[in-house]
Amino acid sequence: MSTTFQIDTSTSRATPTPAPMKRLTVPKITRRKQDGETAEPLVMLTAYTARQAQLLDPHCDMLLVGDSLGQVIYGLPSTLAVTMDMMCAHGAAVVRGSYHALVVVDMPFGSYETSPQQAFENASRIMAETGAAAVKLEGGTAMAETIAFLSARGIPVMAHVGLTPQAVNALGGYMARGRSEAEHAKIIADGRAVAEAGAFAVVAEGVVEDIAIALTTAVAVPVIGIGASARCDGQVLVTEDMLGMFERVPRFVKKYGDIAEFISEKASEYARDVRAREFPGPEQIYPAKAD
Ligand code: KIV
């Protein structure tokens with residue numbers, strides 16, 4: 001079990017030591033939406049490691065320890081095999097690496113669907129072991145009772161509707177949701193149900209734009225879009241996707257860089273230096289003490 005939520009600044013490889021500051025809280029995030037309007041959209045990115053959290057923290061209102069780490073970090077084919085142990089370990093690392101953003105940790109598949117009690121046991125473990133302030137879970141109307149149960153017991157819940165990756169087998173893939181009238185109505189009903197149940201924010205993923213806008217107008221809490229609309233109350237992306245770590249990304253990802261190319265180039269330069277016996281050079285070795 002993780003017991004430390006603080007970086008040991010005397011041994012940390014990162015510098016400088018961030019000044020202590022007050023973290024954003026759940027009420028502060030929900031209050032950003034006033035009378036149905038969010039003047040400045042909320043910024044959220046995924047983070048899975050302490051160093052990534054340190055770099056993203058100054059720029060983000062929220063950091064999401066997404067179960068997308070199953071694919072991004074562990075090379076799994078979907079999020080379904082992600083475990084509570086993984087979420088707790090990465091959640092604690094992200095809390096250690098951040099000072100300002102609200103940290104939200106995903107509840108993995110199978111950890112909350114059985115009953116509100118099962119959800120409470122696992123959500124409380126995530127919060128106790130990571131120090132995060134909130135959890136996220138997927139599902140709409142079917143999860144409303146669980147969201148109400150957790151919220152009433154001090155566990156802030158971010159809901160996730162529309163394209164819910166943990167339901168990939170039921171949905172038949174990762175395509176955008178809401179193209180039929182029935183689906184459109186269901187997504188709006190799901191969003192309303194989770195907001196009324198007490199969710200402090202709702203992620204709307206992979207939905208056609210008019211649904212995203214209608215949902216943002218329909219609920220009092222912030223709607224965070226991913227593959228949704230710039231008119232949502234905020235946006236989230238998987239950090240590695242927007243940094244260009246992968247060749248294949250969903251249509252909704254904007255690539256802000258090409259980190260895969262950078263890593264590959266630098267690894268190739270290193271390999272060349274090693275093979276040519278040019279690394280380590282004089283600056284990287286410990287010379288023998290002069291007599
Ligand atoms: O797991 C995740 O990273 C997510 C976001 C993409 C919303 O749920």
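Which side chains meet in a salt bridge at 2.8 Å, N to O, with Asp106 as one partner? The close-up views below, drawn from a predicted model, begin with this pair.

**View 1. A salt bridge between Lys136 and Asp106.** The side chain of Lys136 meets that of Asp106 in a salt bridge, with a distance of 2.8 Å from N to O. The pair links distant parts of the chain, since Lys136 belongs to strand E6 and Asp106 to strand E5 (residues 102-106), 30 residues apart. Both Lys136 and Asp106 are buried. Side chains of opposite charge can pair when their charged atoms come close.

**View 2. A salt bridge between Asp233 and Lys33.** The structure holds eleven salt bridges, and in one of them the side chains of Asp233 and Lys33 meet at 2.8 Å, N to O. Because Asp233 lies in the loop between E9 and E10 while Lys33 lies in strand E1 (residues 33-34), this pair ties together parts that are 200 residues apart in sequence. Asp233 is buried, and Lys33 is buried as well.

View 3. Elsewhere, salt bridges that share partners join Arg32, Glu40 and Asp61 into one network.

View 4. At least two lining residues come from each of helix H3 (69-72), strand E6 (134-138), strand E8 (201-205) and strand E10 (234-237). The lining is made up of 20 nonpolar, nine polar and ten charged residues.

**View 5. The second largest pocket.** About 320 Å³ of space lies in this pocket, which is lined by 16 residues, with Gln235, Val236, Leu237, Lys254 and Tyr256 the closest to its centre. Strand E3 (42-46), strand E9 (223-226) and E10 each give two or more residues to this lining, which divides into eleven nonpolar, four polar and one charged.

**View 6. A nonpolar patch on the surface.** Met245, Phe262 and Ile263 form this patch, and together they have about 270 Å² of accessible area. Phe262, one of these residues, is found in helix H11 (residues 259-275).

Notes: Residues are numbered from 1 along each chain as its sequence is written. This is a predicted model: local features need pLDDT of at least 70, side-chain atom pairs count only at pLDDT 80 or more; totals for chains, interfaces and linings use all residues. Side-chain values use heavy atoms; hydrogens and water are left out. Patches are made of residues with over 30% relative accessible area and no salt bridge: like charges are joined within 9 Å, nonpolar side chains (Val, Leu, Ile, Met, Phe, Trp, Tyr) within 5 Å. Accessible areas come from the Shrake-Rupley method with a 1.4 Å probe; for residues, only the protein chains shown count as cover. A salt bridge is a side-chain nitrogen of Lys or Arg within 4 Å of a carboxyl oxygen of Asp or Glu. Helices (H or I, at least four residues) and strands (E, at least two) are DSSP runs, numbered from the N terminus. Ala, Val, Leu, Ile, Met, Phe, Trp, Tyr, Cys and Pro count as nonpolar, Asp, Glu, Lys and Arg as charged, and the others, Gly among them, as polar. On a 1 Å grid over the protein atoms alone, a cavity is a set of points where a 1.4 Å probe fits but cannot get out, and a pocket is an open set with protein on both sides within 12 Å along at least five of seven lines; lining residues have an atom within 4 Å of a point. Grid points are joined across faces, edges and corners, and a volume is the space filled by probe spheres set on the points. Buried means under 20% relative accessible area, exposed over 50%, partly exposed in between (1.4 Å probe, protein chains only).
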